[in-house]
Amino acid sequence: MILEVNNLQKIYGGKTVVNIENIQIQQGETIGLVGNNGAGKTTFFRMLLDLIRPSQGTILSKGENVMQSDAWKNYTASFLDEGFLIDYLTPEEYFTFIGSLHDLSIADVKAYLAKYADFFNGEILNSGKYIRDFSKGNQNKIGIAAALMQDPEFLVLDEPFANLDPTTQIRLKTLIKTLKTERTMTTLISSHDLNHVTDVCDRIILLEKGIVIKDFHTDENTLKELEAYFSE
Ligand SMILES: Nc1ncnc2c1ncn2[C@@H]1O[C@H](COP(=O)(O)OP(=O)(O)OP(=O)(O)O)[C@@H](O)[C@H]1O
């Protein structure tokens, strides 16, 4: 098991915004976290990555509490939002910096970026621009590519499809599916796009007001079921 969440709560100003009894995630699963605005998806991800502390409960990554151990940082990569980027660097400088944290040489980073030429669609590299001057969608591409460059066992992405153009959305789905089979990557993504999430994920967790309402494996009826649920 790569992740186990127990009795996890986050309370803001007396309001419980995350209240998850138990979630277990096995290696190789691709899980979509869905739920309306304010359901607690981002708050859950932020606790998972030890960016904020839970009010109560534990998150174990390979059996170790993410608040107490750094081991998970070696195999977990994430992109939640453009706040993860370094605005005053060019994409190349940013990739080199992230690569250096993971023992990748400049040549390794270059070789990696060459593989992502399609994903970047000619808009990211050699532009001479700083990250702050890219569109939000292109900033997302930079963040997602930097996360994947770490060759993670466990990938966490918050609304990765939101600002991407349709071509890049499809390329991202293909990438996630390929990495799942080639390297048993475990992926946890939040999304409001029910089409994409049911297409790429083999399991869906539905969060409402911080509580897990449904947790099930996807099949050919999942999209219809989710659409019915959200149109009620
Ligand atoms: N720092 C904070 N202080 C107070 N309330 C917060 C804070 N962060 C989040 N919340 C509240 O927690 C709840 C869950 O927010 P969260 O951003 O996790 O939801 P979400 O499911 O990611 O929503 P969205 O789909 O809109 O991104 C919301 O009611 C939000 O207002």
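**Domains**

Please keep in mind that the model is predicted. In an unreviewed UniProt entry, residues 3–231 are listed as "domain: ABC transporter". The domain assignment gives domain 1 (1–75 + 153–231) and domain 2 (82–151). Their C-alpha centres, those of domain 1 and domain 2, lie 24 Å apart.

Where the two domains meet, eleven residues of domain 1 are in contact with ten residues of domain 2. On the side of domain 1 that touches domain 2, strand 7 (154–158) and helix 6 (166–183) are the elements that give two or more residues. Helix 6 provides the largest share of that side, five residues. By type, the residues on the side of domain 1 that touches domain 2 are six nonpolar, three polar and two charged.

**Ligand shell**

The residues around the ligand are Tyr 12, Val 17, Gly 35, Asn 37, Gly 38, Ala 39, Gly 40, Lys 41, Thr 42 and Thr 43. Helix 1 (residues 41–48) gives the most to this shell, with three residues. Sorted by type, the shell around the ligand has three nonpolar residues, six polar ones and one charged one.

**Elements and their contributions**

| Element | Gives to | Residues given |
|---|---|---|
| Helix 1 (residues 41–48) | shell around the ligand | three residues |
| Helix 6 | side of domain 1 that touches domain 2 | five residues |

**Nonpolar core**

The largest nonpolar core holds 57 residues, and Leu 48, Ile 142, Ala 146 and Val 156 touch the most other members. Leaving aside residues up to four places away in sequence, Ile 142 touches Leu 85, Pro 91, Tyr 94, Ile 124, Ile 131 and Phe 134.

**A closer look at Thr 90**

Thr 90 sits in the loop between strand 6 (76–79) and helix 2 (91–101). Why does Thr 90 count as buried? Thr 90 is buried because 20 other C-beta atoms lie within 10 Å, and the cut-off for a buried residue is 20 or more. Not counting residues up to four places away in sequence, Thr 90 touches Lys 129 and Tyr 130. Thr 90 and Ile 124 are 34 residues apart in sequence, and their C-alpha atoms are 9.2 Å apart in space.

Notes. Residues are numbered from 1 along each chain as its sequence is written. This is a predicted model: local features need pLDDT of at least 70, side-chain atom pairs count only at pLDDT 80 or more; totals for chains, interfaces and linings use all residues. A residue is near a molecule or strand if its C-beta atom, placed from the backbone, lies within 6 Å of it. Helices (H or I, at least four residues) and strands (E, at least two) are DSSP runs, numbered from the N terminus. Ala, Val, Leu, Ile, Met, Phe, Trp, Tyr, Cys and Pro count as nonpolar, Asp, Glu, Lys and Arg as charged, and the others, Gly among them, as polar. A nonpolar core is a set of buried Ala, Val, Leu, Ile, Met, Phe, Trp, Tyr and Cys residues joined through C-beta atoms within 7 Å. A residue is buried if 20 or more other C-beta atoms lie within 10 Å of its own, exposed if 12 or fewer, and partly exposed in between; C-beta atoms are placed from the backbone. Two residues are in contact if their C-beta atoms, placed from the backbone, lie within 7 Å. UniProt positions are given in the numbering used here, feature names are shortened, and annotations may be inferred rather than shown by experiment. Domain bounds come from an automatic or database domain assignment.
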